[in-house]
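This briefing is for a reader new to the structure shown below. Please look through the sequence and the model before reading on.

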Amino acid sequence: MLNTTTLSRYLSSGIAKFLFANALYSLTTAIISFLSPSLLENDVYVDFIYLFQMVLYLTGVFTVGLVPGLLRYYKLDNRKYEFYYYFTASLILIFLLILGLIPGNFISVALKIAPPSVHESLMIYLSVIFSLLFIFNRGAQTAKCNYEAILKDVVIIFIARIMMLICVKIFDISNPYVILSCFCVVPFIYELWVFVSSMIKINISKLDAYWDFVCFILKISITGIIFTSTNRLFIISSKSYNSSLAAALSFAAGMTGIITIFNTTFSSVFIGKLDHRNPEGVLHYIAKIKKYFIPFLFTTIILGICVFFVVTLIYPDNTVQAAIISAITVVHCALIAYVGLITLMTKTYNMLNIQILLNASAFIIVFLFVRFCSVVINKYVTYIAINAILLITEILLALIILKRVKKNIDIQLKQR
């Protein structure tokens with residue numbers, strides 16, 4: 001049993017602060033998802049929650065593997081790769097700003113978020129830009145183990161988002177683009193200062209190793225984009241024929257934030273610590289994951305049941321539909337996150353090509369399923385089938401990785 005001193009030491013540790021900061025940030029996203037159905041008129045809510053999810057999706061897409069790339073290379077040459085990191089991040093932000101000035105750009109059209117005016121388009125893409133500023137700042141702070149700075153930034157964002165929720169209610173704001181800006185731009189204004197001040201301090205380095213860095217982050221990016229895009233295919237498709245279903249799917253996706261954040265937190269830590277040259281450390285890591293599978297599975301089932309009943313109490317329209325979809329989504333996300341503790345080793349053992357191939361196969365299968373079957377098959381069966389395809393793909397990748405790990409460790413042990 002933990003004594004007071006041990007517990008106090010753990011709570012004051014960097015990883016505890018990092019975990020708490022990420023959980024608090026996720027809580028702000030969950031609060032927005034939970035409260036927006038009650039705060040907004042139904043038509044406004046349906047438009048807003050879809051836009052909000054697409055902003056979160058684009059934020060994930062345009063992270064382009066930069067953070068894990070920095071975490072992997074920072075220990076090799078911190079000055080050089082910090083420059084590469086901020087240089088690449090700046091290019092991404094400029095590109096997004098240009099997209100925002102073109103309301104009918106190809107991304108907006110594909111995601112069914114193309115607004116009629118430039119200022120509304122800018123609101124969408126500025127929301128992505130400011131969300132990314134936090135992600136990029138957090139990545140750099142994680143590489144430097146500056147967890148106190150991350151916690152401070154998240155507290156500011158948390159307070160600002162709560163204030164924006166109050167403002168939306170008091171002033172009865174009904175423009176979904178303005179509401180989006182309230183939650184995704186205003187709370188992140190301080191992050192712009194953090195990003196710019198950090199850029200000023202970096203040292204310019206030669207680009208001799210930049211191509212290798214870009215190739216690595218692009219592989220991670222392609223993997224992530226394919227996976228998250230596969231997850232969003234059904235939401236985007238349903239927007240065309242059932243806005244209520246699209247809203248329920250968007251709402252459910254917003255509930256997975258805490259799981260995603262915990263997964264991201266642990267993945268960030270383990271990517272930096274796992275080393276293929278240390279077979280004992282890898283074996284110990286895998287043994288721990290296997291040990292906690294049954295307790296995790298039991299907890300996940302309980303969580304899914306709780307989510308179902310909570311959503312039936314708070315969701316105002318098509319309640320049962322939203323509750324079923326939310327429960328399925330949370331359980332699926334938790335299972336994917338658990339298997340992801342194994343599949344993150346694609347970066348440790350440089351197996352990103354295999355991950356890209358498997359994710360691309362899953363994308364094609366889900367795309368064809370959504371394109372030709374989703375309209376004629378029951379929506380719940382469709383959603384369960386899509387989630388099953390993604391989970392089976394992730395499990396298959398995990399099995400391939402475990403086989404590779406065993407082979408590599410056997411070779412290393414024989415050489416000793």
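Which residues does Phe-183 touch, not counting residues up to four places away in sequence? In this predicted model, Phe-183 touches Ile-32, Phe-48, Arg-161, Met-164, Leu-165, Val-168 and Phe-188.

**Nonpolar core**
- The largest nonpolar core is made up of 128 residues.
- Phe-183 is among the residues with the most contacts inside this core, together with Leu-58, Phe-62, Leu-66, Leu-96, Phe-136 and Met-345.
- The helix that gives the most to the core is α3, which spans residues 42–61 and supplies 13 residues.

**Packing of α3 and α7**
- Helix α3 packs with helix α7 (residues 118–143) at an angle of about 45°, and the two axes are 9 Å apart.
- Because of that angle, α3 counts as oblique to α7.
- The crossing of the two helices, α3 and α7, is right-handed.
- On the α3 side, the contact is made by Leu-51, Val-55, Leu-58 and Thr-59.
- On the α7 side, Ile-124, Tyr-125, Ser-127, Val-128, Ser-131, Leu-132 and Ile-135 take part.
- By type, the residues of the contact of α3 with α7 are 8 nonpolar and 3 polar, with no charged residues.

**Thr-230**
- Thr-230 is part of helix α11, which covers residues 210–238.
- The relative accessible area of Thr-230 is 1%, so Thr-230 is buried.
- Apart from neighbours within four places in sequence, Thr-230 is in contact with Asn-359, Ala-362, Phe-363, Val-366 and Leu-390.

Definitions and conventions: Residues numbered from 1 in each chain as written. Predicted model: local features only at pLDDT ≥ 70, side-chain atom pairs only at ≥ 80, totals over all residues. Heavy atoms only, no water. Core = buried A, V, L, I, M, F, W, Y, C linked by side-chain atoms within 4.5 Å. Buried < 20%, exposed > 50% of the residue type's maximum accessible area, 1.4 Å probe, protein only. Helix = DSSP H or I, 4+ residues; strand = E, 2+ residues; numbered from the N terminus. Contact = heavy atoms within 4.5 Å. Axes fitted to C-alpha atoms, helices over the stretch in contact; angles between N-to-C directions. Parallel < 35°, antiparallel > 145°, perpendicular 65-115°, else oblique. Left-handed = near helix turned anticlockwise from the far one by under 90°. Nonpolar A, V, L, I, M, F, W, Y, C, P; charged D, E, K, R; others polar.
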